[in-house]
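The following paragraphs lead through the fold of a protein chain and then through its charged pairs. Please keep the sequence and the model in view while reading.

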Amino acid sequence: MASMESLSSILSFTAVKFPSPKLSPMASTAPRFPSFSVASMTPAQRIATTSKRSAKPSKTVSVTPPTPTSSTTDSSSTTSLPPKKVLVPIGFGTEEMEAVIIVDVLRRAGADVTVASVEPQLEIEASGGIKLVADTSIKTCSNQIFDLVVLPGGMPGSVRLRDCEILQNITSKQAEEKRLYGAICAAPAVTLLPWGLLRRKQTTCHPAFMDKLPTFWAVKSNIQVSRGLTTSRGPGTSFEFALCLVEQLFGESVAREVGELLMVSTAANESRKEEFNTVEWSLDHYPRVLIPIADGSEEIEVVTIADILRRAKVDVVVASVERSLKIKASQGTRIIADKLIGEAAESVFDLIILPGGIAGAEQLNKSRILKKLLREQKLAGRMYGAVCSSPQVLHGQGLLKDKKVTAHSSIVSTLTNEVVNGAKVVIDGKLITSRGLATVTEFALAVVSKLFGHARARSVAEGLVYEYPRS
């Protein structure tokens with residue numbers, strides 16, 4: 001079994017520190033959003049320009065080094081190296097959290113990621129109802145060489161991938177030529193196993209499919225690396241899985257930096273949530289939740305919140321504040337909303353949640369319809385929340401007055417109310433906030449717990465293969 005010591009170190013940050021942006025005072029109704037991003041260079045580019053990376057393989061990975069995709073250049077000219085090419089295939093019923101987290105994390109690391117549809121059309125509906133648009137058809141990828149091919153899970157998505165002959169040929173060639181490939185959730189058992197690509201390789205997968213794996217080679221671990229193949233268990237292990245892939249492609253330093261940017265943390269002194277002015281959120285009907293989105297919204301947050309709430313049987317509406325249903329999220333993922341915000345505004349929602357992303361939050365703040373909905377939500381005594389940079393939208397509308405909150409570290413200095421440090425999620429009465437990105441799983445489960453109770457949240461977490469307290 002491959003040692004995972006260095007990946008564990010990646011996931012054990014005590015805190016994430018971003019440089020404090022210099023901001024001008026914020027107007028009460030028109031918040032200014034600081035311009036923060038992964039940076040003009042990817043972590044791989046930044047690290048390459050400041051230190052010469054060792055050629056020694058990372059100690060987490062006991063794999064055959066991938067075959068170079070093109071002629072190498074002088075090591076002193078690192079910026080001329082071609083980007084690492086990654087293929088992520090999707091189909092009807094693909095698990096959206098897995099697909100989007102993998103793509104988002106790898107792109108942040110500097111990989112050239114192609115999302116390819118195995119269906120006749122580019123638009124697919126994922127297992128939890130989110131509609132994604134692929135970059136291209138799998139047919140266009142058949143003659144390309146990829147440094148990594150990685151399969152998201154989900155059902156029937158894993159079956160759709162299995163039945164795609166072109167994808168089978170691409171992945172089989174990847175394994176034969178000793179380049180990296182991986183799969184998560186149902187995909188190891190449902191897709192790779194019938195293709196004969198698990199032979200003599202230790203493998204893990206979602207607990208519901210472990211009995212399909214060859215007993216001698218099945219391993220109950222969140223991540224398993226075995227001679228070029230990396231496998232993982234489910235949506236709740238997607239960040240760990242994606243960072244393991246980043247480490248194999250770019251090295252431990254890049255994986256560590258991306259993990260910090262994503263706020264992936266297992267710090268013992270960090271609480272899951274803090275709650276103040278406790279009130280009941282229970283309802284006498286199935287909850288209805290609105291998630292408004294825009295160009296530049298953070299796709300991890302949109303998809304994770306929607307997926308987890310729908311698993312808990314919440315009626316979720318994803319509404320675009322743009323003129324089109326289709327938006328392009330912050331890391332390039334294209335999402336099709338269920339409705340335009342004008343149509344959504346004709347209904348009443350028990351909870352409105354604003355996803356983050358600096359550019360996305362700016363667009364949300366420009367929507368008069370959304371701001372009217374938020375004011376009405378507060379006046380009616382209904383729930384509302386925001387993650388990452390979007391608490392600033394609420395602040396601009398006066399909806400954080402006398403409230404305790406948390407937010408992304410890049411914008412907390414612009415909030416005049418009390419900010420709670422050291423908690424992934426903060427609940428104050430009928431307001432819920434989170435720092436965003438990797439903390440949104442906790443955020444979404446906290447919403448489920450408030451609406452339905454701890455037992456429902458724990459049940460959803462088990463399906464995700466996400467560690468959650470028993471009480």
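Which residue is the bridge partner of Gly385 in strand 19? In this predicted model, that partner is Ile432. The two strands concerned, strand 17 (residues 383-387) and strand 19 (residues 431-434), pair in the parallel sense over 4 bridges. Helix 12 (residues 368-379) packs on the sheet and touches strand 11 (288-293), strand 16 (351-354) and strand 17; the direction of helix 12 makes about 135° with that of strand 16.

The sheet itself is open and consists of 8 strands in the order 10-18-19-17-16-11-12-15, with mixed pairing. Strand 10 (271-276) and strand 15 (339-340) each have a single partner strand, so one side of each is left without a neighbour in the sheet. The protein chain as a whole contains 15 helices and 19 strands, and 58% of its 471 residues are buried.

Side chains of opposite charge can pair when their charged atoms come close. The whole structure holds 17 salt bridges. One of them joins Arg272 to Glu442, with the closest N and O atoms 2.2 Å apart. Arg272 lies in strand 10 and Glu442 in helix 14 (residues 440-452), so this pair ties together parts that are 170 residues apart in sequence. Arg272 is partly exposed, at 28% relative accessible area, whereas Glu442 is buried, at 4%.

Asp338 forms a salt bridge with Lys131, at 3.5 Å between the closest N and O atoms, and another with Arg310, at 3.1 Å. Lys131 lies in strand 4 (residues 131-133), 207 residues from Asp338. Arg310 belongs to helix 9 (residues 299-311) and is buried.

Methods
Residues numbered from 1 in each chain as written. Predicted model: local features only at pLDDT ≥ 70, side-chain atom pairs only at ≥ 80, totals over all residues. Heavy atoms only, no water. Buried < 20%, exposed > 50% of the residue type's maximum accessible area, 1.4 Å probe, protein only. Pairing = 2+ DSSP bridges. Contact = heavy atoms within 4.5 Å. Axes fitted to C-alpha atoms, helices over the stretch in contact; angles between N-to-C directions. Salt bridge = Lys/Arg side-chain N within 4 Å of Asp/Glu carboxyl O.
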